[in-house]
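Please take a moment with the sequence and the model below before reading on.

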Amino acid sequence: MKSKIMVTGGCGYIGSHTVIELIKSGFETVIVDDLSNSSEKSLDRIQEITGVLPHFEKVDLANQEKTMKIFKKHTDVKAVIHFAAHKAVGESVEQPLMYYQNNLFSLINLLSALEKYRIPNFIFSSSATVYGIPTNLPITEDEATQRPFSPYGNTKKVAEEILDDVVKSAANLNAISLRYFNPIGAHESGLIGELPNGIPNNLMPYITQVAVGIREKLMVFGNDYPTKDGTPIRDYIHVVDLAKAHVIAVERLLNQQNEAAFEYFNLGTGKGYSVFEVIRTFEEVTKTKLNYEVTSRRAGDVPQLYAATNLAEKKLKWKAKKGLKEMIASSWKWEQNVRGEG
Ligand code: NAD
Ligand code: WQD
């Protein structure tokens, strides 16, 4: 058995896929999650897929005392992968304080615990949203970060700045920030995937919910963007590819292969697809006609966003392998499984 890794938010969408990849690579895992946007069922699913039940602590990481207690209990943790956060862009505009409190208090409490318990390795879930409206495409990591449109996005930018300061001040702390583009897809088993609370904010779960009959139609937010077909372009990435990048990043830190105390990498495929292309591919892959209507633009949407992937390829030796059709097929399988369960 390799080292013990703490995965915050490990019952959630990206976290649960990452726990599976960590277990498959021989790591011991401890999930810390308050289940505010997930359920304990994830633990059974992880066990069903891997044969291993991860350790689990139900704790709100925004609570400092409780956060410290878990570290006291798991003193042998060698690295923390920090997924836990609220992530709904629209909700963050309505309730900014809730987002700053949850996302930044959690980060600060974790970093305080790492300092106290001398745990030197930290991986952070960041987002392409830190690039704001990009001036150059594809976006490289050299691109300056900008104030994101939403408070949610700003928690990611501020978190990276906090990390930068803390890593500089600490003798023994190494961090990697992973900037995800648009994660979609689900595990090939169909046992875990994204399960949004209420009306989905994101394109792919909205599409699958329309196709399965839960929602009437998809609203396409604008077809008057300066892109090939007028709809915005995004870099969709399969969640399992994303999960694998976390295992590589954690190994990089554990093996002290990092070239700077704080590194950041884009995680995308480098390929952009428009909303219409996603809809067409969905229809083709699933042989289902999708009901949709073009409506006005959504505030804060940028026309185009796709990653330069060279740095992750060169330094992490990681490259996304799964294409759009595989992402869509797995999202669809997951949606059908979930609904079949009732
Ligand atoms: P998710 O909501 O499925 O998972 C987050 C998990 O964190 C949930 O299980 C939730 O219960 C838990 N959590 C939230 N606040 C907590 C707290 N205070 N204490 C303990 N647990 C808490 O979200 P996800 O899509 O898996 O996202 C994981 C991370 O990746 C987040 O930090 C998110 O901001 C980031 N990210 C996500 C996307 C995306 O499109 N999904 C894109 C870029 C970045
Ligand atoms: C993709 C495209 C929409 C829904 C968001 C966050 C970002 C990151 C990932 C966490 C856009 C269009 C969508 C719909 C539509 N999250 N769309 N109808 O906005 O690129 O990124 O999720 O960190 O921070 O901002 O992803 O899936 O919401 O939208 O037409 O009902 O689909 O306009 O062009 P986005 P998305």
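## The ligand and a pocket

In this predicted model, a nitrogen atom of ligand 1 is 3.1 Å from a polar backbone atom of Asp-34. An oxygen atom of ligand 1 lies 2.7 Å from an N or O atom in the side chain of Asn-37, and an oxygen atom of the ligand is also found 2.8 Å from a polar backbone atom of Ile-14. Taken alone, ligand 1 exposes 810 Å², and the protein buries 96% of that area.

Widening the view, we find that 28 residues surround ligand 1, and that the closest are Asp-33, Asn-37, Ser-38, Asn-102 and Tyr-152. Sorted by class, this shell has 13 nonpolar, ten polar and five charged residues. At least two residues of the shell come from each of α1 (13–24), α5, β5 (121–127) and α6, and it is β5 that gives the most, with three residues.

Let us turn now to the second largest pocket, which has a volume of about 210 Å³. Both α5 (96–116) and α6 (151–169) supply at least two residues each to its lining, and α5 gives the most, with four residues. Among the residues that line this pocket are Leu-111, Glu-115, Arg-118, Val-166 and Asn-172, and by class the lining has seven nonpolar, three polar and two charged residues.

Key:
Residues numbered from 1 in each chain as written. Chains lettered and ligands numbered in written order. Predicted model: local features only at pLDDT ≥ 70, side-chain atom pairs only at ≥ 80, totals over all residues. Heavy atoms only, no water. 1 Å grid on protein atoms, 1.4 Å probe; cavity = no way out; pocket = protein on both sides within 12 Å on 5 of 7 lines; lining within 4 Å. Points joined across faces, edges and corners; volume = space filled by probe spheres on them. Nonpolar A, V, L, I, M, F, W, Y, C, P; charged D, E, K, R; others polar. Near = heavy atom within 4 Å. Polar contact = N/O pair within 3.5 Å; in protein donor to acceptor, adjacent residues only side chain to side chain. Areas by Shrake-Rupley, 256 points an atom, 1.4 Å probe, with all protein chains shown as cover.
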